[in-house]
Amino acid sequence: MGDNVLMRPDACPCGSPLPAVQVQGRAAELLEFPAGGDRHVRISPMAFGTLLDRVPGIAQFQVVQSAPATLRVRLKQADGADPDHVWRSVREEISRLLAEHKAEHVALERAEEPPEQSASGKFRRIIPLAR
């Protein structure tokens with residue numbers, strides 16, 4: 001059930017003379033938060049991943065959208081890292097990202113449980129709310 005790569009029958013719209021391919025598969029799932037009225041704020045999972053990859057002291061993380069306006073953060077600290085310091089850094093970074101997207105109303109929860117693999121054995125760093 002992976003992505004499929006197909007050769008495009010036509011030239012690449014970018015104008016490149018090289019053979020063009022088209023990837024078919026699941027698009028990145030955006031995290032979507034209510035923003036009042038009928039409006040929603042959408043943030044790419046990659047934005048969270050890129051941000052948290054820079055926080056020192058994290059061995060592994062998982063951000064789970066547990067409710068429409070709640071993110072539950074599961075952390076595994078690197079050896080020797082102070083769990084409270086790592087959590088404060090993570091909370092500050094995610095709060096800043098949410099504020100940049102006008103989603104400062106989203107609650108952040110510090111999970112007691114560590115990051116988990118899915119039933120299929122895959123590890124997902126960012127898990128949007130199931131719709």
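Predicted model: local features only at pLDDT ≥ 70, side-chain atom pairs only at ≥ 80, totals over all residues.

Reader: What makes the contacts of the glutamine 65 side chain with backbone oxygens polar contacts?

Author: A polar contact needs a pair of N or O atoms within 3.5 Å. The glutamine 65 side chain reaches the backbone oxygen of glutamate 32 at 2.8 Å, and that of proline 68 at 3.2 Å. Both distances fall within the cut-off, so both count.

Reader: What does the chain look like overall, in helices and strands?

Author: There are 2 helices and 8 strands, and along the sequence they follow the pattern β-β-β-β-α-β-β-α-β-β. Of the 131 residues, 28% are buried. Among contacts between residues at least 6 apart in sequence, 53% join residues at least 24 apart.

Reader: Why are the buried residues of H1 said to be on the same side?

Author: The buried ones are Pro45, Phe48, Gly49, Leu51 and Leu52, in a helix that runs over residues 45-53. They cover an arc of only 165 degrees around the axis, so they sit on the same side of H1.

Reader: What makes serine 44 a cap for H1?

Author: One of its side-chain oxygens lies 3.1 Å from the backbone nitrogen of methionine 46, at the N-terminal end of H1. With a cut-off of 3.5 Å for a polar contact, the pair qualifies.

Reader: How are H1 and H2 packed, in angle and axis distance?

Author: Their axes are 10 Å apart and the angle is about 145 degrees. H1 passes H2 in a right-handed crossing. On the H1 side the contact is made by Ala47, Phe48, Leu51 and Leu52, and on the H2 side by Val90, Glu93, Ile94, Leu97 and Leu98.

Reader: Why is the pair of arginine 72 and glutamate 113 called a salt bridge?

Author: The label asks for a side-chain nitrogen of Lys or Arg within 4 Å of a carboxyl oxygen of Asp or Glu. The two side chains meet at 2.9 Å, N to O, so they pass. Arginine 72 is in strand S6 and glutamate 113 in the loop between S7 (107-110) and S8, so the pair ties together parts 41 residues apart in sequence.

Reader: And what does arginine 74 do with glutamate 113?

Author: Their side chains also meet in a salt bridge, at 3.0 Å, N to O. Arginine 74 lies in S6 too, so this pair ties together parts 39 residues apart. Arg72, Arg74, Glu109, Glu113 and Glu116 are linked in a network of salt bridges, and the structure holds 8 salt bridges.

Reader: Why is arginine 74 buried, while arginine 72 counts as partly exposed?

Author: The cut-off for buried is under 20%. Arginine 74 has 12%, so it is buried. Arginine 72 has 22%, so it counts as partly exposed.

Reader: How far apart are arginine 96 and glutamate 93 in helix H2?

Author: They are 3 residues apart, which means about one helical turn. Their closest N and O atoms are 3.2 Å apart, in a salt bridge. Arginine 96, at 44%, is partly exposed, and so is glutamate 93 at 22%.

Reader: What makes lysine 102 exposed?

Author: Exposed means over 50%, and lysine 102 has 62%, so it qualifies. Lysine 102 lies in the loop between H2 and S7. Its phi is near 60 degrees, a positive value in a residue other than glycine.

Notes. Residues numbered from 1 in each chain as written. Heavy atoms only, no water. Buried < 20%, exposed > 50% of the residue type's maximum accessible area, 1.4 Å probe, protein only. Helix = DSSP H or I, 4+ residues; strand = E, 2+ residues; numbered from the N terminus. Arc of directions from axis to C-beta. Polar contact = N/O pair within 3.5 Å; in protein donor to acceptor, adjacent residues only side chain to side chain. Axes fitted to C-alpha atoms, helices over the stretch in contact; angles between N-to-C directions. Left-handed = near helix turned anticlockwise from the far one by under 90°. Contact = heavy atoms within 4.5 Å.
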